[in-house]
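Here is a briefing on a two-chain model. Start with the structure itself, then read the points by topic.

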Amino acid sequence: MSFDLELRIWRGDADGGDLKDYVVEAEEGQVVLDAVHRAQATQANDLAVRWNCKAGKCGSCSAEINGRPRLMCMTRLSVLPVGAPVTITPLRTFPVIRDLVTDVSFNYEKARHVPAFTPTADQPVAPFTMFQPDVERSQEFRKCIECWLCQNTCHVMRDHEENKPHFAGPRFFIRYAELDMHPNDACDRKSFLQESEGLGYCNITKCCTEVCPEQIHITDNAIIPMKERVVDTKYDPLVRFFSRRRTARA
Amino acid sequence: MAATESFEHHSYDVIVIGAGGAGLRAAVAAHDAGARTALVCRSLLGKAHTVMAEGGIAAALGNLWPEDNWEVHFRDTMRGGKLLNHWRMAELHAKEAPARVYELEQWGALFDRTPSGKISQRDFGGHRYARLAHVGDRTGLEMIRALQQRAVSAGIDVFMELTITDLLKDGDRIAGAFGYWRESGRFVVFEAPAVVLATGGIGKSWKVTSNSWECTGDGHALALRAGATLLNMEFVQFHPTGMVWPLSVRGLLVTESVRGDGGVLRNSEGQRFMFDYIPDFFKAETADNVEEADRWYDDKSNRRPPELLPRDEVARAINSEIKAGRGTPHGGVFLDIASRRTPEFIKRRLPSMYHQFKELADVDITKEAMEIGPTCHYVMGGVEVDPDSQASVVPGLFAAGEVAGGMHGANRLGGNSLSDLIVFGKRAGEFAAEYAKTAQAALPKVAEVTLSRSAEEALAPFRAGEAAENPYSVHQDLQETMQDLVGIIRVEDELKEALEKVAALQARATRIAVEGNRQYNPGWHLALDLRNMLLVSQAVTAAALERQESRGGHTRDDYPNADPYWGTQNVVVALKAPRVGTAGTELSVRRQPLPKLPPELAKLLEDVH
């Protein structure tokens, strides 16, 4: 059963732009990305939009739908208000390139800062012996599809452009947590994370967790434990003593 | 605008085109071998089609079944490919896959574990033992992240959202590549003696497909235009289980792990129909009754369930059931794991499938059966390469992963593609680096005249002429043509009709006109991708017409059986007058005898258990 759907899509580039209205034919069971593709194929061939898998696995088609950061491929039309136009705008935290495509190079820059996985001296060469309960914590964070919705939502960057140089953002906090919780990693990235990558800026409002399409518990399972671990290493003389001993033994 | 435009120039030893599993692994290998390496990809890093791979990486680690080893993996791969595989590639693949998997672990990948703390392995179609290293049903994501993070920490130069439109040559040799930034539309010239193609598949030319927009056969077409040969392009894998409803997600992959973990196929009458479709070739190793099939999951001395036959067999069976009127309301069959495993088991082993059906189809797979049907998934055919070095017939041009041919024969086993990527990605990168070293003595030069021609041709869609065509309409018509006439079941008349239709579409494609400017313009991008899709579709159809038999991913209604003669022949397609830029489209098609299988490997195939 097809019906007419009203779309309001932001069109423009770095110099500015505004919402343009389109009416497209839509079908039952479709997602927002289908409607955008329909507009592109029939009315606006040059409408710029990123997408790849259309299955919620690659994290390319992030946008703000009726003001809420979401994946266009995983937002069914049926979850949006009936009869009202669907407004689609680009991610606000990153500079617009064109239409719904933004410059997300910030994230690839931050990825370069992460000190790589470093196997322990006990098990320097794979195959490693690691047990399921021990890998599971890190596995949760490795579900991340790098859609950048959490980065887009985090108000530390969204409202404060000036924080970007010294703030890695929630996606990378879970990356640091993943490595810290890896059962066979030897590298301590905690002071770097605190001092250079801005873990301390996060005041745990959990906005990132709310928009995560993979339902990763970013705040509870990664950021809060990392904050605790940072505090432990920094201020707890006992932990410091033992961690020094561990390093010395290794 | 091209005439006055100065192109951005880069110079490297090795250019890798494509940043999925094969491209990333090739770039890391070339870099480690000391080559100045550039990795060029059309999307953002980490978004390549590898990310969608679900089930696992096949490697005979022997973690669950110590009886498993490379010889059994080799045998399974060859039999799954209906013995048309290049034996040397299948041998290297089976031998080297375990080391490549452990390498991923060394770089930070976290696979699911066995109770004793080793990498866990799961059952899949055509593999005698549980062999697939996996992370739930998101193994591709784990692989691409591990490789991506390795490439980034190695400091390899990555050119994201840059599309290569032409390979550049100096005489017979590769001299580099030409392309454009998607963001700005500005042209870029890469000068390099060695190029590795790792561009993946061709599935976007079919209507029902599991492939993303990037699977436009760019590497296949670039290779043809550079004078390379394509092998066995008629073999296209239709994965048995794609979603069929809602239409929005038609074709979206449902992992084979559902069957590996106990799921079964039923028709509208509730019957487990796969028992009726066991071919003679697999009779000795396939259970012919429900009781034995169900015992197999825990006791491998039983024969395997027919649901786990190779994909070509299962896809054809589903197709027959639907045609016989025993399909589901939306034109598929039922895939049922709900009645066979607990909700906890399903959610733990198949989290993405649970999520995908819940979100996109309102189906809870722990409570009800899924509706599924065949979907275009993978091309076994590809650039003809040397099995050890992955070098094509064009000096300096290498290919690895789905774009390369030979490894999988007539049909690929599930799990063998991820292992293919890392085994042959590494080899391609290393040999490309070595080739680049020897080329330093007399580096190839890029001719300026070729560059301006490449630019002119790329900009053609902006010069609207008479009877302008919309790129999206041409694409849609191509998908209908390939779906209807070059699908799972083929026949001579329809293949001939398809060739005519593709030729007509090629004519229409020359009149494509696009709106807007060069900045991030998807209409323009599609217009350029279409040149490749059309050429590759033509190659597939021509090869399908040539092979007069049914084998693996090529079924001819007019030649329904496998033919011993064709079991000794490859079909090789090339351009008659290869030319960089928009080439003529006249193809040559010839038969070429298979390389001879050494007796010690032939012996391994005799054991049919």
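Helices are DSSP runs of H or I with at least four residues, and strands are DSSP runs of E with at least two, numbered from the N terminus. On that basis, chain B has 17 helices and 22 strands. Chain A comes to 10 helices and 7 strands. The model is predicted.

**Overall build**

- Chain B has 609 residues, and 63% of them are buried.
- The C-alpha trace of chain B spans about 75 × 50 × 50 Å along its principal axes.
- A compact globule of 609 residues would have a radius of gyration near 25 Å; chain B has 23 Å, so the two agree.
- In chain B, 75% of the contacts with a separation of 6 or more join residues 24 or more positions apart.
- Chain A has 250 residues, of which 47% count as buried.
- The C-alpha trace of chain A spans about 70 × 40 × 30 Å along its principal axes.
- In chain A, residues 24 or more positions apart account for 64% of the contacts with a separation of 6 or more.

**Contact between the chains**

- The contact takes 47 residues from chain A and 47 residues from chain B.
- On the side of chain B that touches chain A, at least two residues each come from α3, α4 (139–153), α11 (351–361), α14 (471–485) and α16 (522–546) of chain B.
- The most comes from α4(B), which gives 6 residues to that side.
- By residue class, the side of chain B that touches chain A divides into 20 nonpolar, 15 polar and 12 charged.

**An enclosed helix, α2(B)**

- Among the buried residues of α2(B) are B:Val72, B:Phe74 and B:Met78.
- The buried set of α2(B) also includes B:His73, B:Arg75, B:Asp76 and B:Arg79.
- The cover over these buried residues includes β4 (57–58), α3 (87–106), α12 (416–439) and α17 (599–606) of chain B.
- After α2(B) comes B:Lys82, with a positive phi near 55°.

**A four-stranded sheet in chain B**

- In chain B, 4 strands form an open sheet in the order β17-β12-β21-β22, with antiparallel pairing.
- The edge strands are β17 (382–383) and β22 (587–593) of chain B, each pairing on one side only.
- Strand β12 of chain B (residues 230–231) runs antiparallel to β17(B), and 2 bridges join them.
- B:Leu230 stands opposite B:Val383 of β17(B).
- Helix α16(B) lies across β12, β21 (569–575) and β22 of chain B, at about 50° to β22(B).
- α16(B) also supplies at least two residues of the side of chain B that touches chain A.

**An exposed loop residue, B:Pro329**

- B:Pro329 sits in the loop between α9 (311–323) and β15 (333–336) of chain B.
- Is B:Pro329 buried or exposed? B:Pro329 has 9 inside 10 Å, so it counts as exposed.
- B:Pro329 and B:Lys118 are 211 residues apart along the chain, and their C-alpha atoms are separated by 44 Å.

How values were computed:
Residues numbered from 1 in each chain as written. Chains lettered and ligands numbered in written order. Predicted model: local features only at pLDDT ≥ 70, side-chain atom pairs only at ≥ 80, totals over all residues. Buried ≥ 20, exposed ≤ 12 C-beta atoms within 10 Å, placed from the backbone. Contact = placed C-beta atoms within 7 Å. Nonpolar A, V, L, I, M, F, W, Y, C, P; charged D, E, K, R; others polar. Pairing = 2+ DSSP bridges. Axes fitted to C-alpha atoms, helices over the stretch in contact; angles between N-to-C directions. Rg over C-alpha atoms; globule rule 2.2 N^0.38 Å.
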